[in-house]
Amino acid sequence: MNRTNNNNILVPTDFSEVANNALGHALKIADVYNNEITLINIQDEGGIFGLFGNHDKMELVKEAVNTRMDKVIAEAKEKYPNVKINKRIEVGKIYKVITEIAEEENYDSIVMGTNGASGLQQIIGSNASRVINYAKVPVVVVKEQPMGQAGYQNIVLPIDLSRESRQKVTWAIHLAKKFNSTIHVIYENTTNEEFKNRIFAAVNQTQDILEQNNANYIVRGLDQDKYPDSFAEDTLAYANEIQADLIMIMSQQEKGFSEFLLGSYAQQIVNHSGKVPVMCINSSDTGVIIDGVFS
């Protein structure tokens, strides 16, 4: 699938701390890649807008939201004066509005805040999970870790046996070129000979692509002695160990060797990633050509 984009990053906000942190990530990315940002606030159709049947009252709420957005944008422009920031207010089911706008208007990506499974704010919790599942564009999910001055210096790239797993390599290279990142290619070590041979082949293929694109990378097999848990838990342990700036995963397809009955790898990573931001990529968007890099 070839896809063109409008060079615009969609950033949902409910004005919470994690939403503001997500905006910080988006601003750094936009500054490096010369993107625009659209800051969007979505009033849930069953929430405050739904409670107000009076048009005048709804306009008052909209005016208050507009004022808050103007303040957030003014503060952002002080730090990143060269980044163009648009704003919009919508009403509807939050995850549907986000994913539909991103797809129909060809957004480059979505950057959003989440507190994981226990989040209580509008943009977080179940809405983040649904955005990850339904979005056709990459979604960067940010928690409490701010973007460092140097950006995404250490990117964790888990590799498994799914075809989709290797397709995210293009996006890792896309980021690594701008941020001078080191890509940490990780995989599960196992005594199962068939799995071992197949995973080695997948890792070798990944190395070939990285070398062809002059990317800095490290390959690390996660041994059972030090990393005895599921691939999701081991990925997170490794990311914390190296103080990673980003974990890059596919949004739905990939599962580790021990995870076929343990639920979504993506959801485990996002819900339990602690401070480390996670970039979730849908396989339908991996045919994009990025800076001469092919999936």
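Is the crossing of helices α9 and α10 left-handed or right-handed? In this predicted model, the crossing of α9 and α10 is right-handed. The residues that make the contact are Phe 231, Ala 232, Thr 235 and Leu 236 on the α9 side, with Tyr 265, Gln 268, Ile 269 and His 272 on the α10 side. Sorted by class, five of these residues are nonpolar and three are polar, while none is charged. Two packed helices are described by the angle between their axes and the distance between the axes. Here the axes of α9 (residues 231-241) and α10 (residues 265-272) cross at roughly 35 degrees and come within 9 Å.

**The chain as a whole**

Let us step back for a moment. The chain contains ten helices and ten strands, and of its 295 residues 54% are buried. If we take the contacts between residues at least 6 apart in sequence, 78% of them join residues at least 24 apart.

What lies over them? Just after α9, Gln 243 adopts a positive phi of about 55 degrees.

**Helix α7 and the cores**

Helix α7 (residues 169-179) is our next stop. Nine of its eleven residues are buried, so the rest of the structure largely encloses this helix. The buried residues are Val 169, Thr 170, Trp 171, Ala 172, Ile 173, His 174, Leu 175, Ala 176 and Phe 179. Just after α7 comes Asn 180, with a positive phi of about 55 degrees.

Leu 175 also leads us into the largest nonpolar core, which has 52 residues; Leu 175 is among the members that touch the most others, along with Ile 37, Val 111, Tyr 152 and Met 248. Which residues does Leu 175 contact, leaving aside its neighbours within four places in sequence? They are Tyr 33, Tyr 152, Ile 155, Ser 181, Leu 246, Met 248 and Met 279.

**Salt bridges**

The structure holds six salt bridges, and three of them are set out here.

| Side chains | N to O distance |
|---|---|
| Arg 88 and Glu 90 | 3.0 Å |
| Glu 105 and Arg 88 | 3.0 Å |
| Lys 226 and Glu 241 | 3.3 Å |

Lys 226 sits in the loop between β8 (216-222) and α9, and Glu 241 in helix α9, so this pair ties together parts that are 15 residues apart in sequence. Glu 241 is partly exposed, with a relative accessible area of 39%. Through shared partners, salt bridges join Arg 88, Glu 90 and Glu 105 into one network.

Why does the pair of Glu 105 and Arg 88 tie together parts that are 17 residues apart in sequence? Because Glu 105 belongs to the loop between α4 (94-104) and β4 (109-113), whereas Arg 88 is in strand β3 (residues 85-92). Glu 105 is partly exposed, its relative accessible area being 33%. Glu 90 counts as partly exposed too, at 25% relative accessibility.

Terms used:
Residues numbered from 1 in each chain as written. Predicted model: local features only at pLDDT ≥ 70, side-chain atom pairs only at ≥ 80, totals over all residues. Heavy atoms only, no water. Buried < 20%, exposed > 50% of the residue type's maximum accessible area, 1.4 Å probe, protein only. Helix = DSSP H or I, 4+ residues; strand = E, 2+ residues; numbered from the N terminus. Axes fitted to C-alpha atoms, helices over the stretch in contact; angles between N-to-C directions. Left-handed = near helix turned anticlockwise from the far one by under 90°. Contact = heavy atoms within 4.5 Å. Nonpolar A, V, L, I, M, F, W, Y, C, P; charged D, E, K, R; others polar. Core = buried A, V, L, I, M, F, W, Y, C linked by side-chain atoms within 4.5 Å. Salt bridge = Lys/Arg side-chain N within 4 Å of Asp/Glu carboxyl O.
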